[in-house]
Number of protein chains: 2
Amino acid sequence: MPRTDDRAPLRVALLGCGVVGSEVFRLLVEQAADLRARAGAPLEVAGVAVRDPARRPGLAAGSALLTTDAMTLATRPDVDIVIELMGGIEPARSLLLAAMRAGKSVVTANKELLGQDSAAMHRVAREHGTDLYYEGAVAGAIPLLRPLRESLAGDAVRRVLGIVNGTTNYILDQMDTQGADFADALGEAQALGYAEADPTADVEGFDAAAKTAILAGLAFHTRVTTADVHREGISAVRAADIASARALGCVVKLLAICERCDGGISARVHPAMIPRVHPLAAVRGAYNAVFVEAESAGRLMFYGAGAGGGPTASAVLGDVVAVARNRIAGIRGPDTSTYAELPVLPMGDALTRYYVALDVADRPGVLAPVAEAFARHNVSIRAVRQEGRGEDANLVIVTHTARESQLAATVAELGAMPAVRAVGSVLRVEGEEGE
Amino acid sequence: MPRTDDRAPLRVALLGCGVVGSEVFRLLVEQAADLRARAGAPLEVAGVAVRDPARRPGLAAGSALLTTDAMTLATRPDVDIVIELMGGIEPARSLLLAAMRAGKSVVTANKELLGQDSAAMHRVAREHGTDLYYEGAVAGAIPLLRPLRESLAGDAVRRVLGIVNGTTNYILDQMDTQGADFADALGEAQALGYAEADPTADVEGFDAAAKTAILAGLAFHTRVTTADVHREGISAVRAADIASARALGCVVKLLAICERCDGGISARVHPAMIPRVHPLAAVRGAYNAVFVEAESAGRLMFYGAGAGGGPTASAVLGDVVAVARNRIAGIRGPDTSTYAELPVLPMGDALTRYYVALDVADRPGVLAPVAEAFARHNVSIRAVRQEGRGEDANLVIVTHTARESQLAATVAELGAMPAVRAVGSVLRVEGEEGE
């Protein structure tokens, strides 16, 4: 094979030059020698597309590399690899599709776009014989999608449980360790820059839902979009829920859940209790982690920084090296086509467990009608505990695994029962039963 | 590109058919369709070399695939990929070298062999333009070496801290959670099959040292052999050490440590206290995990089953798919050559922190000479605490980071001091200071 020094450079176009983009640009320049050794050819920046050339950190305003015409840059004949770091659906989508149709290899960290329809993007990549890589889109620098695509080849993934949003994990962690309530923890996260001024995308689970769609698609080789993902955020989680979790030896996390089940897959985002001995329980602060259960490999977990310029840039460069190597070899990366056409089941069909706290009066005979309500919906009770006495009694119930629709129907019936003053809190419980 | 169905099969030779080998054979046969889709060509078993053809789980004794002549099978012209799962240095080493010289791609899980001299093996692979993959050699199914080789391309690894031996982690975990002493926990591990009848390779750190050499080589692109790795096992860890760790908010783990330091690298295996909030502290039972700190990617952790037929077979098959794809494309995997010729520093140059418990009499003036001994060796004290009173007093000291040789000299001096009745225990402390 020809030596690295003999190879013509691969030309890289960078679309977007914000926090991550400028870090990628810096590393492409400063670590050029190392990247050349690993990619097998020099990587040369062909151009950087920005909206406002006057405001570029790390790049001289007058640099000949700068352009505002992203479409021309993305499809220029001398460009081999297009890195998209603009975010958002448009113009990113049109630019990437045009780049792939022009035969460019594509690297992106755009979770919103991939969550919307990664299957369609993959189809275009396949039709035009090019690569579409996006390690940076989920869980920052954690090498996670590559193992799902490659290392677990020949294995069957059963379940993915992820903490994929650092903001919500920081907030829940503060609620757990400081006893803070949601509003205070959110305020602190905003003050520290972990949460946006408008925190909706994070706290209502939109960000996690897009990542769940991407993970489910890769794990089960099937088409899953953000719209298919059942989504609940953490704004309704109360300090009392966290305290209840603690009493049960659990911690509350916002989980991205992808499960293979009878007749299809379940893809959902919601807060859930997990046992403190579960590896995900130890994921603190704004860190991310993804827990995978596969047939042969067993239980795996990938942990790391979920966001930030450095970590995401590291993931992007890893992808750039991979697509560069594929390009030199004249191949595409492993095919992640949607060859399994599994349906995404409605939330009512998901199998889960419930923690239910009921505000009841401490009277003989209150348990019997409650237990009957569970039995009527075929929900088996795992543990019951009464907390407090007299008029302030609480009945705490943890169920065995049951269908979400049956659990929800049980809770609705409990809420209407005269013996129950109020349904205090309802949280799903995840992590293997018995842990 | 030709469709998968059009490609000639790649022929796979399996050397060794024990627990892992028979599982790999089973998966190659049962998941043939899936593996073909992922590899890009059918994978066909060309032969299985065993010592005793009469004793093969899962393979009919009379199967035409069986042979006792491993060398002929490993170099047969119709074989493309050689999987070595015999273990031990010889004949594995000769077989793999001969296979690579004959142009075969090689997959192995042989940590002993790679620890002995992976740099030499890589050199032969490079000279003959072929692949040498060994994901299964460290931390079972955890996709770990691939990220070190590929995803962290363009990043600089600063430190690797690993729990890479499940037996010792199980024993230390039992000591921590059950208050068991070493002998009882070892006995239980043996009864459960987690430890061998002769547990030396595990409890004295030999197994972990080989894996440390492999990890250090990949992390720092330099030549590290098992003999270069400073090694201490866990047989001297006492229940009292675990209790002391607990009192300090720490847990004791056997750590594989690879660090980039001034003038070279440190590669060592020893028990150490780590803070309970460190992600590695949550690794329970026989699980493995490897914690990586890199310049851009930040802190990463990879967690999973460290051993067992299923997990290791899964790692082996992931490698087989990767080398098959490379072979079809006519390329080799990313070069992990030893381009950085960094020296492995002697243990005395390692930077670490010490926990020291001294058996002293509770007399005024005992602290001053102790503090002077630390100061004389330029070791800064982070915290001192006296436990107990009167004749049974203990002085517990935790230092700041210092050179191992200075710490060791301090402890030697303390042992000779009249004010100190005995040096009760000495444990290194790892994990970032201040955590």
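A residue is called buried when its relative accessible area is under 20%, exposed when over 50%, and partly exposed in between (1.4 Å probe, protein chains only). Glu404(B), at 8% relative accessibility, counts as buried. The model is predicted: local features need pLDDT of at least 70, side-chain atom pairs count only at pLDDT 80 or more, and totals for chains, interfaces and linings use all residues. Residues are numbered from 1 along each chain as its sequence is written, chains are lettered from A and ligands numbered from 1 in the order in which they are written, and side-chain values use heavy atoms, with hydrogens and water left out.

**Salt bridges**

A salt bridge is a side-chain nitrogen of Lys or Arg within 4 Å of a carboxyl oxygen of Asp or Glu. By this rule there are 48 salt bridges over all chains. The table includes three of them.

| Pair | Closest N and O atoms |
|---|---|
| Arg158(A) and Glu295(A) | 3.2 Å |
| Arg385(A) and Glu387(A) | 2.3 Å |
| Glu404(B) and Arg428(B) | 2.8 Å |

Glu404(B) lies in helix H14 (residues 404-415) of chain B and Arg428(B) in strand E17 (residues 420-429) of chain B, so this pair ties together parts 24 residues apart in sequence. Helices (H or I, at least four residues) and strands (E, at least two) are DSSP runs, numbered from the N terminus. Arg428(B) is buried, at 8% relative accessibility. Arg158(A) is partly exposed at 39%, and Glu295(A) is partly exposed at 48%. In the remaining pair, Arg385(A) has a relative accessibility of 32% and Glu387(A) one of 28%; Arg385(A) counts as partly exposed, and Glu387(A) does too.

**Aromatic pairs**

Rings of Phe, Tyr and Trp (its six-membered ring) pair if their centres lie within 6.5 Å; planes under 30 degrees apart count as stacked, over 60 as edge-to-face and the rest as tilted. The count is five aromatic pairs over all chains. One of them is tilted, because the ring centres of Tyr170(A) and Tyr194(A) are 4.6 Å apart and the planes stand at 45 degrees. Tyr170(A) is buried, with a relative accessible area of 8%, whereas Tyr194(A) is partly exposed at 40%.

Phe302(A) and Phe302(B) form an edge-to-face pair, 6.3 Å centre to centre with 85 degrees between the planes. Each residue lies in strand E12 (residues 298-305) of its own chain, A or B, so the pair joins two chains. Phe302(A) is buried at 2% relative accessible area, and Phe302(B) is buried at 2%.
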